[in-house]
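Take a look at the chain below.

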Amino acid sequence: TQEDKDLALRLLELHRGSLQILEEAARHPGVDWGIDFTLTPSYLIPLPRMAGYLAWGKLLDLKARLLADQGNGRAALRSLRTALVLGGAARQTRFLIGEMIDTAIRKNVYRTAAGLLDRLDPQLAQEELLPLLDPQGLWMGFRDSLQMEYFWMKTWTLYPSLIRFFGVFDP
């Protein structure tokens, strides 16, 4: 309804500053949290503060929906890309909580992306939307975080018995 759209616009306006910072950061993706799992067991390493990530991801998703409703598909995709970069930053902690945050953000982005397909130019969807989705990256992230958080190693190939135990990992 128009009332919902007005409320959404007010909400986005309240968070405009933080969203602009996130959008600028998304233009330069890559995060180094400085976590070194070899220094100490992972349960002693403090987690980066990621409390706002889900809320920001939802705001970016909301922004994408509004932009798509206004006919601005390219800007909507930029907003979804920013949300995915944010989720990727959480994933790069290599803790399972980072993976879960990334997964929750991706779930919202995928749902919105599916709704955008019929409103986007097919070439724009092919070139800019589909490469964003990367479901294989999601699986690899869980695997990598599991091995780092619970086994403090960078590669499963060093531990064939673990590979046999889990059975599904293919490095």
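## Helix pair and surface patch

Helices α4 and α5 run roughly antiparallel to each other, because their packing angle is about 165 degrees and an angle over 145 counts as roughly antiparallel. Their axes lie 7 Å apart. The crossing of this pair is left-handed. Helix α4 covers residues 73–91, and α5 covers residues 96–116.

Now step back to the whole chain. The model is a predicted one. Its secondary structure consists of eight helices and zero strands. Along the sequence, the pattern reads α-α-α-α-α-α-α-α. The chain has 171 residues, and 39% of them are buried.

Next comes the surface. L47, I97 and M100 make a nonpolar patch of about 260 Å². I97 sits in helix α5. L47 lies instead in the loop between α2 (16–26) and α3 (53–69).

| Residue | Place | Relative accessible area |

Buried means under 20% and exposed means over 50%, with partly exposed in between.

One last distance links separate parts of the sequence. L47 and G98 are 51 residues apart along the chain. Their C-alpha atoms are separated by 9.3 Å.

Technical notes:
Residues numbered from 1 in each chain as written. Predicted model: local features only at pLDDT ≥ 70, side-chain atom pairs only at ≥ 80, totals over all residues. Heavy atoms only, no water. Patch = residues over 30% accessible without salt bridge, like charges linked within 9 Å, V, L, I, M, F, W, Y side chains within 5 Å. Areas by Shrake-Rupley, 256 points an atom, 1.4 Å probe, with all protein chains shown as cover. Salt bridge = Lys/Arg side-chain N within 4 Å of Asp/Glu carboxyl O. Helix = DSSP H or I, 4+ residues; strand = E, 2+ residues; numbered from the N terminus. Axes fitted to C-alpha atoms, helices over the stretch in contact; angles between N-to-C directions. Parallel < 35°, antiparallel > 145°, perpendicular 65-115°, else oblique. Left-handed = near helix turned anticlockwise from the far one by under 90°. Buried < 20%, exposed > 50% of the residue type's maximum accessible area, 1.4 Å probe, protein only.
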